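I opened this entry to get my bearings in a structure I had not seen before.

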Amino acid sequence: MTRQLRDQVVATARTLHARGLTHGRTGNVSIRAGEHLLITPTGASLDSLTPEQLSEIDADGRHVSGPPPSKEAFLHAAVLRQRPHANAVLHTHSTHAAAVSCLAGLDPANAIPPLTAYFTMRIGRLPLLPYHAPGDPALAPLVAEAAREHHALLLANHGPVVCGPDPDTALDALEELEHTAAIMLLTRGLPTTLVPSRTDPP
């Protein structure tokens with residue numbers, strides 16, 4: 001089972017890179033493995049990762065085995081502690097979502113408006129968390145609090161964090177977030193029509 005999970009992490013990491021959702025040595029992927037998590041190591045290039053290179057951390061983000069984990073491992077641990085039905089977390093600096101995260105005047109409760117039907121279905125509301133330097137553990141309680149109600153988060157001047165019951169579902173949501181972020185940037189300053197909420201009159 002552990003080998004299968006390692007292969008899933010590697011396959012997801014390589015897919016993120018192949019689809020242009022990461023660049024250089026950025027981005028990280030984790031998957032729940034019993035009471036622990038398997039996560040991409042620090043400084044890894046996701047396109048050339050191997051199963052043997054993965055790190056193992058405990059539920060509090062502490063290093064258990066393997067090479068040193070991503071410095072943002074604590075984010076993954078914080079999300080999965082809050083969401084027991086989630087098993088995978090993806091964090092990237094994908095171009096359009098990262099660009100949106102740098103804009104002034106965003107709604108911190110919902111950084112990207114409901115521009116498309118699939119965004120509302122796969123993401124819903126997207127909280128924006130205040131800026132912290134990458135690896136700053138002070139971000140952990142903010143991530144944990146937001147993850148109680150949301151499976152997708154946007155870190156200011158940084159990028160998205162998305163979880164799901166499996167890597168493929170998390171990847172679908174991440175791609176939808178990135179796609180809608182691009183639409184938001186393309187339509188910024190133009191009159192737009194938002195997807196009606198379920199409480200809006202027909």
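My notes follow, from the whole chain down to single residues.

**Overall build.** I noted at the start that this is a predicted model. I looked up the secondary structure and found six helices and eight strands. I then read the elements from the N terminus on: α-β-β-β-β-α-β-α-α-β-α-β-β-α. Next I checked the radius of gyration, which is 16 Å. The globule rule gives 17 Å for 202 residues, so the protein is as compact as a globular protein of that length. I also looked up the box that the C-alpha atoms fill. Along the principal axes, that box is roughly 55 × 30 × 30 Å.

**The sheet.** In what order do the eight strands lie in the sheet? I read off β4-β3-β2-β1-β5-β8-β7-β6. The sheet is open, and its pairing is mixed. I then looked at the edges, where β4 (63-65) and β6 (128-129) stand. Each has a single partner strand, so one side of each is left without a neighbour in the sheet. I reminded myself that strands of a sheet pair through backbone hydrogen bonds, either parallel or antiparallel.

**Around β1.** I followed strand β1, residues 28-33, to its partners. Four bridges join β1 to β2 (residues 36-39), and the two run antiparallel. One pair I noted is Ala 33 with His 36 in β2. β1 and β2 form a hairpin, with two residues between them. Gly 34 sits in that turn and has a positive phi of about 65°. I then turned to β5. Four bridges join β1 to β5 as well, and this pair also runs antiparallel. Here Ile 31 stands opposite Ala 88 in β5.

**A helix across the sheet.** Which strands does helix α6 lie across? I found β1, β5 (88-91), β7 (152-155) and β8 (159-164). Helix α6 covers residues 167-187 and runs at about 145° to β8.

**The second largest pocket.** I looked up its volume, which is about 170 Å³. How many residues line this pocket? I found 15, of which Arg 25, Asn 28, Ser 70, Lys 71 and Glu 72 lie nearest its centre. By class, the lining has four nonpolar, eight polar and three charged residues. Asn 28, one of those nearest the centre, falls within the residues of β1.

How values were computed
Residues are numbered from 1 along each chain as its sequence is written. This is a predicted model: local features need pLDDT of at least 70, side-chain atom pairs count only at pLDDT 80 or more; totals for chains, interfaces and linings use all residues. Side-chain values use heavy atoms; hydrogens and water are left out. Two strands pair if DSSP finds at least two bridges between them. Contact means heavy atoms within 4.5 Å. Axes are lines fitted to C-alpha atoms, for helices over the stretch in contact, and angles run from 0 to 180 degrees between N-to-C directions. On a 1 Å grid over the protein atoms alone, a cavity is a set of points where a 1.4 Å probe fits but cannot get out, and a pocket is an open set with protein on both sides within 12 Å along at least five of seven lines; lining residues have an atom within 4 Å of a point. Grid points are joined across faces, edges and corners, and a volume is the space filled by probe spheres set on the points. Ala, Val, Leu, Ile, Met, Phe, Trp, Tyr, Cys and Pro count as nonpolar, Asp, Glu, Lys and Arg as charged, and the others, Gly among them, as polar. The radius of gyration is taken over C-alpha atoms; the globule rule is 2.2 Å times the number of residues to the power 0.38.
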